Structures are given as structure tokens and as C-alpha cells.
Amino acid sequence: GSGKTTLINLVNRFYEWQEGEIRIDGRDLRDYTIYSLRYQIGLVTQEAVVFSDTVRANIVYGANGVADADIRRAARLARAEDFVDCLRVEHNGRTTTGYDAQISGRTLSGGQRQRIVLARAILRDPPILILDEATSQVDSESERKIQEALEDVTRNRTTFIIAHRFSTIARADMTVVLDTGRVVGVGRHEELVKTCPFYVT
């Protein structure tokens, strides 16, 4: 309730702001078309949406002409490949498996859905990645695997991570601490532990 998601939604231009500027590479976001801006952004939220379709179709959603090797690479980076290869789903009287498995929101666990959605974002290879409470509703094992994935996928791209857990944000280059809509601390994890009492409460 401190305004984290609202603030990051300004980057996507889900809202327009009345004062000030938000810039990417020195250019005001309002200079971009909505399409060109959002094309540069991959978004993973805590509500991981998967469709009633195959694993492959869920990963390539929003992308065109994607090679199978790229789909598998995205799944591997998202730490989804291990469970996808083992998937066996009964669908309309036949068994579907692996990337051809017919899935829905009920077929997969919360952590598995998150990794499919993360693979979808990775496949597009956006220069900006936004993770909005992406690990808040998963078990500890799924969180560990998603953390491993983030080590790989956040390299060489700007990544915004919205989270409450220290384990999710401890490696960030910069952490911004919000309290009731105001910035109350900025710095690396080890600095904020010493200088921002609100951060450690």
C-alpha cells in the first residue's frame, strides 16, 4: 500500500502523470508511442496468467516466428524446463506431454505458472524487465528457482523488482524504499540496513 505498483505503472504509462518527467536514456516517456514503449518492457506480475493452451503457445504469446530452440532456451533460463519436460496432462481423452501439454491455470502450481510467465518475458528479450511481486505467492522452492533464474535474466538489462522480501532485493544495484507514497531511503541493501530504520522493520 505504499505506492510501489502505482509508481512502476507510470513507467508502462498505465497512468499519465501531471508533474515532472520520467525518462529512459534521457528521453521523456511521453515522446514514445504507447506501443513502442511497451514493446521495450517485459512485465511479470504476482498474478501469473496462463491460458488454456499448450505450454509452447503460452510461452510464445505475443511473439511471432519463434524457433523451438529459443522457446526451450527461455524455459531453461526461467527454470521451467525441468517441470515442462516431465509434464503429462490428460486432455480430451489423450495424453499431452512436455511443450505440447495442454495446460490451464489449474494444471500448474503458482510457482510453475510464474516460471512460464517469466519464460514468456525472457523470450521477447526486452531491454527493460519489470517484476512486480513476482515471488510473493510461491513456495520457498519455487522462489529459490526463480531467484536463480533472475541471476541470469537480469544481466545486461534494466530490471525493476518490486518486493517485500530481502532475499529478492538484496542483490539489487539500487533499492528505493517507499512508505505511504514517499521515498524514505535509497541505496544498496547493506547501506540501507545501517541507515534506514524503516527498511529493517
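User: In this predicted model, which residues does Ile 59 touch, not counting residues up to four places away in sequence?

Analyst: The model is predicted. Contact here means heavy atoms within 4.5 Å. Leaving out residues up to four places away in sequence, Ile 59 touches Ile 71, Ala 75, Tyr 99, Ile 116, Ala 119, Arg 120 and Leu 123.

User: Which element gives the most to the largest nonpolar core?

Analyst: This core has 35 residues, and Ile 59 is among those with the most contacts inside it, as are Val 55, Leu 87, Ile 116 and Leu 118. Elements giving two or more residues include helix H3 (55-60), helix H4 (68-77) and strand E8 (128-132). The top contributor, with seven residues, is H6.

User: How many residues are in the other core that lies apart from it?

Analyst: Ile 8, Val 11, Trp 17 and Ile 24 are among the members of this other core. Its residue count is twelve.

User: How many nonpolar residues line the largest pocket?

Analyst: The largest pocket holds about 1,400 Å³ of space. Of its 42 lining residues, Phe 160, Ile 161, Met 174, Thr 175 and Val 176 are the closest to its centre. By class, the lining has ten polar residues, nine charged ones, and a nonpolar set of 23.

User: Which element gives the most to the lining of the second largest pocket?

Analyst: This pocket has about 600 Å³ of space. Ile 41, Gly 42, Leu 43, Tyr 61 and Arg 124 are the closest to its centre among 25 lining residues. Helix H2 (34-39), strand E3 (41-45) and helix H6 (110-124) each supply at least two. The one that gives the most, with five residues, is E3.

Notes:
Residues numbered from 1 in each chain as written. Predicted model: local features only at pLDDT ≥ 70, side-chain atom pairs only at ≥ 80, totals over all residues. Heavy atoms only, no water. 1 Å grid on protein atoms, 1.4 Å probe; cavity = no way out; pocket = protein on both sides within 12 Å on 5 of 7 lines; lining within 4 Å. Points joined across faces, edges and corners; volume = space filled by probe spheres on them. Nonpolar A, V, L, I, M, F, W, Y, C, P; charged D, E, K, R; others polar. Helix = DSSP H or I, 4+ residues; strand = E, 2+ residues; numbered from the N terminus. Core = buried A, V, L, I, M, F, W, Y, C linked by side-chain atoms within 4.5 Å. Buried < 20%, exposed > 50% of the residue type's maximum accessible area, 1.4 Å probe, protein only.
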